[in-house]
Amino acid sequence: MVKESSGKEKKITFNIKKEENFSEWFSEIIKKAELADIRYNVKGFVVFMPWAVRCMEKVYDLLEEELQSTGHEPAWFPSVIPERNFKLEGEHIKGFSPQVFWVTHGADTKLDERMALRPTSETAMYQMYALWIQGYTDLPFKMYQRAQVWRYETKATRPFIRSREFYWIEGHDCFATEEEAEKQVLEDIRVTEKVMHKKLGVPFLALRRPEWDKFPGAVYTIGSDSLMPDGKVIQQPSTHFLGQGFAKVFNIKFTDKDGKERYVWQTCYGPAVSRILASVISIHGDDNGLVLPYNVAPIQVLIVPIYTTKNKKGIMKKAEKIKKDLIEKDIRVKIDDSEKRPGEKFFFWEMKGVPFRIEIGEKEVKTGKLTLFLRDVKKRATIHEKKIAEEIKKEGEAFDERLRKKADIWFKTRIIDCKSKEELERALQGKKIARCDFCSISKEGEKCAEVVEKQLLASVRGVRHDKFEKASGKCIFCGRPAKHVVYIAKSY
RNA sequence: GGGGCUGUAGUAUAGCUUGGUUUAGUAUACGUGCCUAGGGCGCACGGGACCCCGGUUCAAAUCCGGGCAGCCCCA
């Protein structure tokens, strides 16, 4: 609450500024915009509320559309994995077992074999793949599922960013050859680019992770790192080239054209929709609340009728007509005809992040020119009643493009080339991602990576996978000739 | 994994230091009625809370122990 000069108390939407204290801003927006209710009494588990679920449903739709159009079939696998399956792949179990929730009892009876509540589904899916894949005509085999997974996180949990239960999609593909599998990795990155960057306006770097930071059981891992306003990167969809490691332990074989039996080559891909929403909220949101891209907003256009008791009927009729015109063109629209004052409605829906508001009052009914409010720039424009749906669609595209361009510029200016440890330190303090010459992301570079972790409290995120960056100098940590240009940042 | 802080109506809080003064106060939200309507409107009335378990005490929101949950910092 702040006192205005008039002496009247005026509510302000946000007490916390995003740029000054991101952490508290994030907590506040989760509560105020009714995205999640954190009062469910289990650590790391929250209730996802309708507004967030509707956004995440849209993210699911966008991702599934891409996956299906690139030849993936949907399936739903069980959420429990028998321990002996889970333990088949040595590296995998080593990496994941500290994070597994185990089901040990059925009612009061102790189970003969405990079951893992899936933290990821390789070991659930691949035993079935072994049954389904017989010959080369079964390949490529591309399947995905939308699923909840559970991980007993020991780091601090935060809704959307890191929780012990999260919602994601996992794609698991099998190929006859190594080349095809590696092409799939690139396709996965393109899907991430198309959905997360093009549609949702979240910029990221596709980075090949260092040897010591890859997915347990993978040959290599490409992680997409996007940046949060506090200068920490957050891992978004990652894609893994699994080679034949899992195929060999799960016995996924096919008879090739030449009649010989061969193991398949595998990849997997894991976009977490709850985490993608965390980035969308954080990158586009401002001190008035959420700013949702037109593509995901549960309500794209809010109509606020502004009437008095006398002219209510005529104004509502106009509002209903506009709503009908928009719905016909599949635009998600709502009329707020509650008994609140217009001002209160404005504040509320701006906080919720609705991209457009159409105001309809006496003036608009008379002239046929409607008032259109744009959430991102917080400005009013005029829009004609005729061809309203076409106009809104055009505005919607422009809206998302503005968000994306703004985010891109912000992201670009936060990647800094560093020539020394001191420069690197300064970059990290300034909430930036550092780019520098580094000895190597294979085993021999691990010592230098430990220096980064211990002294700078940051991590070596990896090298660009989508484009080649040539190292020219020496590793800024050990002085040996640098084989790689790496990105270093603090991370979630 | 280590440390710190916190837990009072839906939400934000007062009270806790120094146990009794409170029928646990306030704002907002909610409900009812009236009034209003182009940026959080006004009035009246109403219902709603001390995280859980144990201990100390004549007496616990307040002190102590444990649990659960949340926030922050560090690994």
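Trainee: What separates the centres of domain 2 and domain 3?
Mentor: Taken over C-alpha atoms, the two centres are 51 Å apart. This is a predicted model, in which local features need pLDDT of at least 70 and side-chain atom pairs count only at pLDDT 80 or more, while totals for chains, interfaces and linings use all residues. Residues are numbered from 1 along each chain as its sequence is written, with chains lettered from A and ligands numbered from 1 in the order in which they are written.

Trainee: And where do the domains of chain A lie?
Mentor: Domain 1 covers 22-284, domain 2 covers 301-394 and domain 3 covers 416-491; the bounds come from an automatic or database domain assignment.

Trainee: Turning to helix 8, how many of its residues are buried?
Mentor: 12 of the 12 are, so helix 8 is largely enclosed by the rest of the structure. A buried residue has 20 or more other C-beta atoms, placed from the backbone, within 10 Å of its own. Helices are DSSP runs of H or I with at least four residues, and strands are E runs of at least two, numbered from the N terminus.

Trainee: Which residues does that include?
Mentor: Among them are Arg-275, Ser-279 and His-284.

Trainee: What about strand 21, how many buried residues there?
Mentor: Zero among its six residues, 379-384. Strand 21 runs antiparallel to strand 20 (residues 369-374), joined by six bridges; pairing requires at least two DSSP bridges.

Trainee: Which residue is the bridge partner of Lys-369?
Mentor: His-384, in strand 21. The two strands form a hairpin with four residues between them, and Lys-378 in the turn has a positive phi of about 55°.
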